[in-house]
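Open the model in your viewer and keep the selection tool ready. We will go from stop to stop.

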Amino acid sequence: MFFLGVLLLFFCNCGVQRTIVEKPIVFDEQRIELTKQYLSQRYNLDQGTPEIVPKMIVLHWTAIPTFEKSYEAFENSTLPNWRPDIESVSGLNVSAHFLVDQDGIIYRLMPETTMARHVIGLNHSAIGIENVGGTEGTPLTRKQLKANIWLVNYLATKYDIDHLIGHYEYTFFENHPLWLEVDDGYRTEKTDPGEDFMKKVRRATKKFNFEPLPTK
Ligand SMILES: [Zn+2]
């Protein structure tokens with residue numbers, strides 16, 4: 001019996017006990033308003049709440065070496081240098097639903113079905129997972145890889161997820177029905193979370209049959 005138990009633990013990811021640590025960022029009236037404004041201005045989605053219908057998971061790295069500094073980057077409601085009197089794309093601060101530290105601990109920063117600003121064009125349907133690191137001195141770790149695989153399993157079981165992508169792949173969706181960004185000039189160049197990391201997460205989550213990247 002003991003042997004069988006060990007075998008099960010060995011072969012099946014369900015043996016891995018994980019918890020999600022709640023570490024909420026500020027989501028005050030201002031952030032709610034800015035999020036609704038973002039949905040309306042960028043996507044022509046006028047809705048009473050900043051809710052999303054998750055269809056996609058986007059993996060990232062923060063390019064910041066520590067958990068504290070990464071968390072700080074997402075914590076406040078507005079972008080650090082935002083001036084409401086100056087015209088810009090939006091003052092809404094960037095964020096993600098999850099932040100995974102280098103030791104593999106998973107933190108939930110905000111509700112999974114509230115919009116986070118983390119990927120141009122697709123925020124209305126995308127759950128974001130950020131990973132601490134991605135700088136030269138702090139590459140993503142094996143523990144983060146395992147945590148991301150666990151999270152993708154958790155999310156794809158809970159929601160109707162069709163797509164799993166790395167942030168660097170987001171422009172493949174420019175002609176996809178999910179793409180709603182109104183400004184053709186609003187794009188940023190991304191490399192996170194690296195091709196190797198994506199390859200490994202995809203390999204480990206094959207059973208969900210996520211759709212292949214659309215062709216441009
Ligand atoms: Zn990113």
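This is a predicted model: local features need pLDDT of at least 70, side-chain atom pairs count only at pLDDT 80 or more; totals for chains, interfaces and linings use all residues.

Residues are numbered from 1 along each chain as its sequence is written, and side-chain values use heavy atoms, with hydrogens and water left out.

**Stop 1: the zinc ion**

Select the zinc ion. Which residues coordinate the zinc ion? They are His60 through ND1, His167 through ND1 and Asp192 through OD, at 2.1 Å. Donors here are N, O and S atoms within 2.8 Å of the metal (3.2 Å for Na, K and Ca); water is not among the atoms, so sites may look incomplete. Along the sequence, the donor spacing reads H-x106-H-x24-D. His60 sits in the loop between β2 (56-59) and α3 (67-75), and Asp192 in the loop between β6 (163-166) and α5 (195-204), so this pair ties together parts 132 residues apart in sequence. Helices (H or I, at least four residues) and strands (E, at least two) are DSSP runs, numbered from the N terminus.

Is His60 buried or exposed? His60 is buried, at 1% relative accessible area. Asp192 is buried too, at 5%. Buried means under 20% relative accessible area, exposed over 50%, partly exposed in between (1.4 Å probe, protein chains only).

**Stop 2: Ser125**

Now pick Ser125. Look for it in the loop between β4 (106-108) and β5 (126-131). Show its contacts (heavy atoms within 4.5 Å). Leaving out residues up to four places away in sequence, Ser125 touches Ile52, Val53, Pro54, Lys55, Met56 and Leu178.

**Stop 3: aromatic rings**

Rings of Phe, Tyr and Trp (its six-membered ring) pair if their centres lie within 6.5 Å; planes under 30 degrees apart count as stacked, over 60 as edge-to-face and the rest as tilted. The count by this rule is 6 aromatic pairs. Select Tyr38 and Tyr43: this pair is edge-to-face, 5.6 Å centre to centre, with 80° between the planes. Tyr38 is buried at 1%, and Tyr43 is buried at 3%.

Next, select Trp150 and Tyr154. Their ring centres are 5.6 Å apart and their planes are at 5°, so the pair is stacked. Both lie in helix α4 (residues 142-158), 4 residues apart, about one turn of the helix. Tyr154 is partly exposed, at 22%.

Finish with Phe67, Tyr71 and Tyr107, which form one aromatic cluster.
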